[in-house]
Amino acid sequence: MSAQESIVSVRDVTKVYGGGLFGRGGFRALDGVSLEVGRGQVFGLLGPNGAGKTTLVKILLGLARRSGGDARIFGQPVGDPRARTRVGYLPEGHRFPGYLTGVQMLELFGQMCGRDRHYLRRRIPELLEQVGMRDSAHRKIREYSKGMTQRIGLAQAMVHEPELVILDEPTDGVDPVGRAAVRALVQGLKDRGTTVFINSHLLQEVELVCDRVVIMARGKILREGSIAELTPRSGRYRFEVAPCVELTLARLVGELGSNFEPATGGFEVQLSDAELDACVDRLRAGGISIRGITARRMNLEQAFIQLVNKEAR
Amino acid sequence: MNRPTLRGLFLDALYQVLDNLGFRILFCLFLVPVLLSFVVSFRETSIAFFWCWEWDYAEFLRSATASSGLDAAARAEMLANVRESLLQGLVDVVIEWGADRFGLVFGIAAISFFVPQMLEKGAADVIFSKPVSRSSLFLSRYIGGLLFVGILSAFLVGGITLGLVTSSGWFDSGLLWSVLALMYGFAIFHAISCTIGVFTRNTIGAILLTLVFMPINCGLHLGWENLVTLEQAVAGREASAEEPQSGAFEFLKTGLTAYHVVAPKTGDAMRMARTWRRSLETQPEFQDSELGLVVAQAPREFRREPRSSFAREGLAWLAAHPDGAGEASWTLRSQALQDTGPRSALVKKQRKELGTDPVRSDISGRYADRFEWVEDRGGEKRLRRRWILQVGDRIVTLDYDAESTWARADERETAATAFLAGISIESEELRHMGAVSYERKFGWGGPWQFNAWFSLGTTLAFVAVVLALGLWKLRRIDF
Ligand SMILES: Nc1ncnc2c1ncn2[C@@H]1O[C@H](COP(=O)(O)OP(=O)(O)O)[C@@H](O)[C@H]1O
Ligand SMILES: [Mg+2]
């Protein structure tokens, strides 16, 4: 990744809310956060509520001022409006102008991002199609349901074809169908080479789309890596075996490893590497034919809970 | 900032205003007088509604003055002016109340949501993450507000002007000036409301605080104007000039003066408009600011004698009689009460001399004793008339002297009535009100207290400081 161009670069950023006159006291929402996002990546920032994810994003967009450190997008210091021309943003807890229709909002925001009417006349219909809002596009936004607002919100983040799209909790409060749609949109952006920065506390979403993940809690980064790196092998194996009597299995394997659990078409058990060989030998010796063995990984949620709990201790 | 961005900002403001309920109500309210000005036409002798129902001024007057016991002559005189005074009154109502008072308050109330609504939670994240600086957004909202109130008041005033011109054939430049005055007042209060909006980030709060500020500001300036008037009145009487002033009074005076210098002088907007308007209009024949006396026009056929003086022997208008037999004259004169003695004594003396009783009369709505007699001067019969009235501590006399048959001609009597009708004297109560006295001295030259340039400069400086304060705060908000 070091070879890649850095789209977002955050170095040792801190944010203290509501400090006194001389910066004393106050609440430390970010505490020395550093991260890099390369071009074309789908980047996930994970963390429980209150971790400081939104705060970091607001600093990137110049919505909040940092108390220390350095943050850049496209190599330009954040806070410079020009740095935002190539960024699309879906805020968390957004309220879009209810006095506009969906189309009007897309036109206005497209213009504010420097796109002319000619471009927008072509872009907006295709975008509405993409987010599935063609039918309600001419209704006032104040009449929209939550799901519709989220869709038009995604559209306004993408209307000027930005190179970086920042989505803060894009699937929060969206039904499963909507979530799948969001995932498809992110995949589409990725295919076109757009960099995507997703904030989420909903782990399955991130697991399914992100290339790289940073986990943070209480203003600090805990871990960083690919999904595979963050979900260590758990030492648990699943055996698929030809149909046999369950009792036999328990007798053969029971004293090896721990947490034996029968499952349909086989069983799961916790084994060390040495025990794994022994286990295979025993099953074969017992005349049981093995159809498959898979090493189980922790899912992101388990890894996440483990990490956050460990940190809390 | 490039063109699409500006366009986007402008359209956003436009849509937001068009969607606003207060703004829509205001528009509908303004529509009423505009439509009325088109469908009601003030003709020479009658008012017509919808071009079919006519109502004679004479009939109108008869019903309005039926019980007042006015004589036929007075009624005829009123009738001559009824169209003009109706139209003038109507326009005054529109300017003073429609534009200067309600227009300003409603405009502020209707547009105060502009900045705070943009700053409310959730909405701010959306708009301030766009590639537009906070200062541009703030200033675009300020200018957008000005633009919309400008359009609205131009609609009101332009509509009424056009309506009056087309349906009644009547035009008054004061209407157009009032748009400028309204915009000036609005530019000041809108800046304050925008900045309050940044600090409160709440629509209702911004509206309320601005509406509270308006009368307080107005009251403090008025207080200062009264103070200055009072001081000058006191200084006029030398005796009391030496009296030491109490500490509380000095404190009040310093405070009010400091406030007056610093704070925006919105009331001066209408004054500036009026001075401009006056400078464009035809000047009256004569005016005396001491008495608040204005003579609109010279008597027909008469010319002012240039060497005559109002304060000394009297201001004279002369006309040569066609047959060369002497001259006719009107003489207007003012004397201090202490030189002439009380008015009643003056009237009594005159009565004794002439052997006739005076008639109750009035000039500019003030009580006046009118004497009329015929004098035999070298075989020529002269018609003499004299009005005596008191204005404050001065006695004003008006004399008419003309060859009798010449003067009695119908058209000369009518001209005399018109001349008298054109004389106006402000009431004392009004003249001793600070605001009026201040306005009389107010102009584009003179000492700083009454100087329009000073007023304009300090007010604009105030607006700039207020906007800068709002910007400073806005740049420090963490959304
Ligand atoms: N404007 C603010 N003023 C004071 N504290 C804030 C503000 N915004 C966020 N915080 C605090 O900062 C912490 C991080 O918040 P946030 O970044 O919204 O977390 P996340 O998005 O990860 O849920 C929270 O404890 C929150 O209370
Ligand atoms: Mg958040």
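Chain A and chain B bury about 2,800 Å² between them, and carbon and sulfur atoms carry 54% of that. Buried area here is the accessible area (1.4 Å probe) that two parts lose on being put together, summed over both. On the chain A side, Leu63(A), Tyr99(A) and Met112(A) lose the most area to chain B, together 28% of what that side buries.

Please keep in mind that this is a predicted model, in which local features need pLDDT of at least 70 and side-chain atom pairs count only at pLDDT 80 or more, while totals for chains, interfaces and linings use all residues. Residues are numbered from 1 along each chain as its sequence is written, chains are lettered from A and ligands numbered from 1 in the order in which they are written, and side-chain values use heavy atoms, with hydrogens and water left out.

**The interface**

In terms of contacts (heavy atoms within 4.5 Å), 33 residues of chain A meet 33 residues of chain B. Charged pairs take part too: the rule finds six salt bridges across the interface of chain A and chain B. A salt bridge is a side-chain nitrogen of Lys or Arg within 4 Å of a carboxyl oxygen of Asp or Glu. Lys140(A) and Asp19(B) form a salt bridge, with 3.7 Å between the closest N and O atoms.

**Chain B as a whole**

Let us step back to chain B, which has 18 helices and 13 strands. These are DSSP runs numbered from the N terminus, with helices (H or I) of at least four residues and strands (E) of at least two. The C-alpha trace of chain B spans about 100 × 70 × 40 Å along its principal axes. Of the 479 residues in chain B, 47% are buried, where buried means under 20% relative accessible area, exposed over 50%, and partly exposed in between (1.4 Å probe, protein chains only).

Among the contacts in chain B with a separation of 6 or more, 62% join residues 24 or more positions apart. Chain B exposes about 24,000 Å², with 62% supplied by carbon and sulfur atoms; the areas come from the Shrake-Rupley method with a 1.4 Å probe, and for residues only the protein chains shown count as cover. The chain has 49 positive and 52 negative side chains, and the centres of the two sets lie 6 Å apart. For this count Lys and Arg are positive and Asp and Glu negative, with His and the chain ends left out; each charge is placed at NZ of Lys, CZ of Arg, CG of Asp or CD of Glu.

**Salt bridges within the chains**

Over all chains the count comes to 42 salt bridges.

| Salt bridge | N to O distance |
|---|---|
| Glu224(A) and Arg212(A) | 2.7 Å |
| Glu375(B) and Arg377(B) | 3.1 Å |
| Asp399(B) and Arg386(B) | 2.9 Å |

Glu224(A) is partly exposed at 39% relative accessible area, whereas Arg212(A) is buried at 13%.

In chain B, Glu375(B) is partly exposed at 24%, and Arg377(B) is also partly exposed, at 35% relative accessibility. Asp399(B), by contrast, counts as buried at 15%. The salt bridge of Asp399(B) and Arg386(B) links strand 12 (residues 394-403), which holds Asp399(B), to strand 11 (residues 380-391), which holds Arg386(B), 13 residues apart. These residues belong to a network of salt bridges that links Glu375(B), Arg377(B), Glu380(B), Arg382(B), Arg384(B), Arg386(B), Asp399(B) and Asp401(B).

Ser404(B) lies in helix 14 (residues 404-408) of chain B and is buried at 10% relative accessibility. Beyond its neighbours within four places in sequence, Ser404(B) is in contact with Lys381(B), Arg382(B) and Leu383(B).

Finally, have a look at helix 8 (residues 173-200) of chain B, where Phe199(B) is found. Phe199(B) is partly exposed, with a relative accessible area of 41%, and touches Leu469(B) and Lys473(B), not counting residues up to four places away in sequence. Ala181(B) has its place in helix 8 of chain B and is buried at 7%. With residues up to four places away again set aside, Ala181(B) touches Ala269(B), Met270(B) and Ala273(B).
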